[in-house]
Amino acid sequence: MLLLQTNEISKSFITDLVLSNISIEVKLGERVALVGRNGAGKSTLLKIIAGEMSADSGEVIMPKDRKMGYLPQNATLNSTRGIYDELLSVFTPLIALENKMRAMEEQMADPGSFSNPRDYDQLLKTYDTMQADFRAKGGFTYQAETRSVLNGLNFGGFPDDTPVSNLSGGQKTQLALGKLLLIKPDLLILDEPTNHLDIETLSWLEGYLQRYSGSVLVVSHDRYFLDKVATKVYEIARHKVRKYTGNYSHYLDLRAAEFESEMKMFDKQQKEVAKLKDFVQKNIVRASTTKRAQSRRKQLEKMELLDRPMGDAKSATFSFSIDQQSGRDVLAVSHLDVGYGHQAPMIADLSFQISRGDRVALVGPNGIGKSTLLKAIAGGSTLRSGDVRFGSQVSAGYYDQEQKSLNLTKTVLNELWDDYPLKPENDIRTVLGGFLFSGDDAAKIVAQLSGGEKARLMLAKLMMRHDNLLILDEPTNHLDLDSKEVLEGALIDYPGTILFVSHDRYFINNIANRVFELSREGITEYLGDYDYYIDKKTEQEQIAELEAQPVTAQNNEVIIGDGKEQFLKEKEQKKKKRQLTRFIEQTESDISSLEKQIDSDQQSLLLPEVFNDTKKSRDIQVQLEQEEAHLAKLMEDWETAQLELDDFD
């Protein structure tokens, strides 16, 4: 069933075109993602669909008997209620019905009601009807649902009467999300719902949306989230929209294949056009071939020429380098207490070490003190007591998620140039161009920049420092998907050491080689990426459950840990199977890439400039032999791994 349809929606702001003839569809039960660069018009389209903004042209169609719920970015709540009562207010009609039922129950229990059998029988029938309606509307589960949403959104540790007005902006957005989830509209429209959520809450929200009975239309820059939730993707780029079936990763594959196919068709047509033009030019003046040349010319005139496929819009291009290498020991933290003012420390007696080349992700629930800890290490005022020692030749650069280091009154150019006044203006503009500040963009006032633009400017300032230790607090906040990927590439190639906080699980997976989990008990270290951290935590929880089971006795001997040993054995088998599966997938990808390269090299041998050049031809032939030998080895490795994997089944 079609739940939502937009027909040729267009929108401009003054002279700037944002959306042009945008048509999308959302069917009942679908979870649809809108993706695209910052400024592409995703939030604008959601506002138009939700009725918060009017379109210049086009229409939004949705059945009248269906409900829509919309959560904008940075949604807030202005309420004098406590957090539990605020969520419970969603069920005001249901609570009123429940109160009526309680009053009727008291009436039915009153002995005086029995005096008139006809009235009493009518009372029972009315109560039965009311109770059926109450049950159908979730009357027996609404309190449990409310408690589940409170816990899932990380309010489980808050007293129920915590005033909404006392919450932070991010927490108010979370609570607004909770209200919307409890309302359960047929179409749930969410604009960046993953902002302000920690990893545990993100995982809960993913599960909730996967089970959601209605439809979801969501904008998010969290790739893990989109992979888990989305069943269809619409990409908005250059004011237009394209549809792709599947999750975010599948969308990337489809888009790449689509571009490659369109490029081949374009190149093929260009060669055909060049061939026809060449024939016409050579034969139009010769009497014997004029008719054929005129025929070719008509063929050219009738041909519908393809536009050159447009790849991705321009991406930022930058890298992080260092002036000098640090010593082996980069950072040592001993018995650290951190906090604010005269309040009790948020974290107490914390100790850990970081060595050269480490890429440490600091994870933990919101409010535990991750950002506070980074501020203390970077020399902020949150250090209460303890020792922070940097190693030999360590130079530390700090990225503050609050962006307080930016001077809002300066221009973009001066914000960077004032830090490096001896550098030529062209050099500064070249750096800014790499972060997508070109031409007039460099003259913008910092206060006028979007969150994503400010983030790129801060990264530009950080890049110019050439530090060998980067301390990064939520560096992917405000960045669109493309900018995140560019930042990841720069950090992967960075030769220094990284300590960072992020809720972007995809980003953590690509960057981290160690994970520090921060809790009230201290730090727990995991030697691996995010997937390893999750696997290890799950394993520890399962082992703890097995160890908590009652022990058994056989032949007067206590048998402890049989379940644990069996679990560990199965865990190792599953690990080997996963490793084999990943190896096979990577090998298949390598084989495909190598086959394309071999095909390209074989085609190049047919080019006149190659087969007429003995040296070039010989070099390519040697390269082909090496590639074919490598391909044979890959095929052999793939077959061996496939046989091993078949043995597991």
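Helix H17 (530–547) supplies seven residues to the lining of the second largest pocket, the largest share. The model is predicted, so local features need pLDDT of at least 70 and side-chain atom pairs count only at pLDDT 80 or more, while totals for chains, interfaces and linings use all residues. Residues are numbered from 1 along each chain as its sequence is written, and side-chain values use heavy atoms, with hydrogens and water left out.

The second largest pocket holds about 510 Å³ of space. A pocket here is an open set of points on a 1 Å grid over the protein atoms alone, where a 1.4 Å probe fits and protein lies on both sides within 12 Å along at least five of seven lines; lining residues have an atom within 4 Å of a point. The volume is the space filled by probe spheres set on the points, which are joined across faces, edges and corners.

Of the 22 lining residues, Ile199, Ser203, Tyr530, Tyr533 and Ile534 lie nearest the centre of the pocket. Helix H7 (199–211), helix H8 (223–229) and strand E17 (514–519) are among the elements that each supply at least two lining residues. Helices (H or I, at least four residues) and strands (E, at least two) are DSSP runs, numbered from the N terminus. By class, the lining divides into eight nonpolar, five polar and nine charged residues. Because domain 1 (1–77 + 184–246) and domain 4 (329–528) both contribute to the lining, the pocket lies between them. Domain bounds come from an automatic or database domain assignment.

Asp467 lies in the loop between helix H14 (451–465) and strand E15 (469–473). Asp467 is buried, with a relative accessible area of 3%; buried means under 20%, exposed over 50% and partly exposed in between, with a 1.4 Å probe and protein chains only. The side chain of Asp467 makes a polar contact of 2.4 Å with that of Ser395 and another of 2.5 Å with that of Arg465. A polar contact is a pair of N or O atoms within 3.5 Å; within protein, one must be able to donate a hydrogen and the other to accept it, and residues adjacent in sequence count only if both atoms are side-chain atoms.

Most residues other than glycine have a negative phi.

| Residue | Phi | Relative accessible area |
|---|---|---|
| Arg238 | about 55° | 39% |
| Leu436 | near 70° | 25% |

Arg238 sits in the loop between strand E8 (232–237) and strand E9 (240–245).

Definitions and conventions: Nonpolar A, V, L, I, M, F, W, Y, C, P; charged D, E, K, R; others polar.
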